[in-house]
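I opened my notebook to follow some strands and their neighbours. Here is what I looked up.

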Amino acid sequence: MSEGYRVSVRALCEFTAKAGDLDLRFTPSPTAREGIEGHQMVTRRRGGHYRAELPLSGEYEELTVQGRADGYDPERQRLEEIKTFRGDLNLMPANHRALHWAQIKLYGWLLCQQEELDRVELALVYFDIVKQQETLIRESFESSELQAFFKAHCRTFLDWARQEMAHRQARHSAAETLAFPHDDFRVGQRPLAEAVYRAAASGRSLLAEAPTGIGKTLGTLFPLIKAFPEQKLDRILFLTAKTPGRKLALDALAQLDMPPLRTLELIAREKSCEHPDKACHGDSCPLAQGFYDRLPAARAAAVKETTLDQSRLRELALAHDICPYYLSQEMARWSDVIVGDYNYYFDQSAMLYALSTQQNWRTAVLVDEAHNLVERARSMYSAELDQIRFRAIKKQAPKALKGSFEKLNRAWNALNRAQPEGEDFVIQVQLPEEWLQRLQSATGAITDYLTEHPFALDSELMQFYFDALQFLRIAELFDEKAFLCDLTWRQPNRGRKGTLINLRNLIPAGPLRPRFEGAHSTTLFSATLKPAQYYMDLLGLPDDTVAMQMPSPFKAEQLEVHTSRHISTRYADRTVSLGPIAQLIADQYREQPGNYLAFFSSYHYLEQVLERIRADHPDLPVWSQDRRMSESARQAFLDRFKAGGEGIGFAVLGGAFGEGIDLPGERLIGAFIATLGLPQLNPVNEILKRRLDEQFGQGYEYTYLYPGLRKVVQAAGRVIRGEGDRGVVHLIDDRFARGQVRQLLPEWWDIH
């Protein structure tokens with residue numbers, strides 16, 4: 001065939017043969033290594049005549065189906081599909097067994113065609129990796145019966161494949177004629193769009209510092225959609241750190257008004273679950289029951305939609321009585337632009353990265369507000385376990401687990417005793433190997449217990465199991481240059497002290513590098529990506545990454561920037577700084593009444609200044625961020641910033657109100673920033689400084705200065721949101737006058 005489609009037997013079955021319930025109950029399964037060893041064990045038992053890993057292929061119209069059957073015994077005319085498992089085979093869900101039968105029946109027809117057989121015996125060989133025993137389920141089939149089965153599944157798949165090819169062609173045609181949705185680009189927006197397109201054309205990564213107000217979201221999405229046909233892109237992934245970023249992306253895509261384009265919004269499971277009180281299986285949740293029976297109709301309806309945002313996806317899913325979250329997971333396979341959180345691509349078990357790799361997608365990745373990725377990636381590749389929590393779980397554990405749990409606790413206590421007296425925080429020079437071995441044994445014991453008693457453990461013990469497995473996975477990545485292991489002593493209100501064991505990722509470059517290599521092109525953009533080398537080093541960006549700074553649409557006369565050289569906000573000087581800061585805020589407010597934000601390095605410092613203002617200037621209207629604000633409380637805080645309103649909102653720098661909020665025009669006319677935003681001086685940050693100095697020669701800058709000034713610029717960026725805005729920013733600390741600090745501030749600022 002000159003043109004056509006190719007599909008593996010496995011992928012064909014995954015699409016056409018799934019049926020029955022969605023069942024996400026955790027049951028231990030063999031590791032990849034155990035699966036390979038199990039297959040090898042079975043094939044070794046078969047003798048020299050046995051043909052293992054038999055390549056097979058066949059055609060139906062323009063579809064080619066291919067794969068490798070596990071094994072064929074020509075003497076018995078028996079084709080085998082080998083599946084490894086743990087535990088009770090009778091507990092295997094029926095839909096899994098049906099999928100296995102579909103797979104071997106497709107191989108059966110391909111074999112009959114290749115070997116010219118009229119009849120063949122098909123056998124599912126289930127190999128228990130613990131007992132090393134086989135269970136055979138056999139059935140004989142006429143080749144004509146297998147051929148009909150093959151044709152039916154190929155027809156279903158081929159109809160879908162033709163539809164998807166037609167969609168791809170329509171998408172590319174629409175992209176070629178797509179026009180920018182506004183009369184002209186904003187200042188800085190055109191160079192950004194051109195740089196993104198060039199990065200896609202050359203298959204390189206781009207680090208783009210683009211100021212607030214130039215339309216970064218539209219300026220990055222538009223060129224990539226234009227690149228769909230020429231660069232043969234399969235998917236665009238728009239990844240965000242926070243919910244507002246997703247909304248901006250969806251709004252920008254709506255402006256483009258390109259009907260063939262399918263857009264999907266991915267939402268976390270806990271935010272999209274319709275029945276949070278139920279488990280994800282058909283015996284508990286009505287939307288899991290018969291999920292795969294109703295999925296094809298829901299999928300067919302969903303691909304007709306231009307935008308599958310959270311609300312529309314929910315409507316479609318409920319109309320077909322299936323789970324919205326798992327419909328969104330399915331639609332990730334069939335959408336053109338996918339909008340979701342960073343973790344969908346960068347996390348250790350990231351779905352979009354796995355799909356991109358498995359499907360061999362040519363993917364363009366956009367990372368919104370990319371300055372957040374360093375800290376987010378560090379958290380993705382870190383883990384911790386709490387001894388006090390473990391002790392409580394140990395008391396409730398089944399008898400079969402007591403022994404391994406007790407050994408783990410003894411190893412934990414021995415590790416604690418080896419620590420220096422009187423120190424609450426202790427860096428571990430190397431991983432605690434004996435403790436890790438006991439942890440491995442404990443997780444193995446839980447796995448064995450679940451094999452015999454599936455679904456028998458309570459949620460707390462299961463959570464410990466998952467946390468322990470994550471800890472062990474991170475321990476496998478451990479590298480003393482990029483990770484830190486430490487112990488922190490904890491004292492509950494009642495009971496014995498215990499330790500919290502942390503594996504902290506310090507430099508996420510290693511885990512992230514394959515993610516960037518796996519994408520055709522990645523563009524990371526933000527208003528604060530200075531200096532570029534900091535992000536290239538810590539994120540592991542490719543050596544040929546292009547770094548660019550886009551011109552600002554704002555003019556110096558729009559923003560008065562004042563530095564208070566007579567005030568120090570250093571910890572030792574804070575008490576004497578309270579009066580001058582309170583007076584400065586009061587003077588500015590009385591000179592120009594309106595809405596202001598005042599940012600401080602900590603809640604304690606905020607509360608001290610707030611108390612002083614209320615004492616010395618009781619007429620000033622003020623309100624404050626609380627330590628634990630609910631979503632509604634945060635919204636109420638923002639709602640006080642009304643056009644024409646007057647007052648000062650007090651907030652912590654780097655918190656919920658330091659970035660990602662939009663208060664245009666008179667809703668916010670000024671900001672006071674009484675800190676350089678430098679991270680706290682503590683043992684972890686000092687170790688980080690030392691490691692970064694050893695590797696990059698800029699320990700202080702990478703640990704303290706650059707992250708701190710980034711928060712300052714983000715907070716100041718709340719003031720000027722549009723070309724018609726006017727405002728004032730007070731940088732309150734004598735260190736803002738230093739040249740090293742000034743060069744990290746926006747070039748368009750005229751600082752007094």
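How many bridges join S4 to strand S5, and do they run parallel or antiparallel? I counted eight bridges between S4 and S5 (residues 119-128), and the two run parallel. The model I am reading is predicted.

I picked one pair to look at. Threonine 84 has phenylalanine 127 in S5 as its bridge partner. I then traced the path between the strands. S4, helix H3 (residues 94-115) and S5 make a right-handed β-α-β unit.

Next I checked the pairing of S4 with S3 (residues 63-73). This pairing is antiparallel, over three bridges. Tyrosine 72 is bridged to leucine 79 of S4. Four residues lie between the strands of this hairpin, and glutamine 77 takes a positive phi near 50 degrees.

Is S4 buried or exposed? I found that eight of the eight residues in S4 (78-85) are buried. I looked at each face. Arg78, Glu80, Ile82 and Thr84 are buried on one side. Leu79, Glu81, Lys83 and Phe85 are buried on the other.

I moved on to another sheet. It is open, with eight parallel strands in the order S10-S9-S11-S8-S12-S17-S7-S18.

Leucine 237 has valine 365 in S12 as its bridge partner.

Last, I looked up helix H7 (residues 243-256). H7 lies across S8, S9, S10 and S11, and runs at about 165 degrees to S11.

Methods: Residues numbered from 1 in each chain as written. Predicted model: local features only at pLDDT ≥ 70, side-chain atom pairs only at ≥ 80, totals over all residues. Heavy atoms only, no water. Buried < 20%, exposed > 50% of the residue type's maximum accessible area, 1.4 Å probe, protein only. Pairing = 2+ DSSP bridges. Right-handed = clockwise from strand over helix to strand, strands pointing away. Contact = heavy atoms within 4.5 Å. Axes fitted to C-alpha atoms, helices over the stretch in contact; angles between N-to-C directions.
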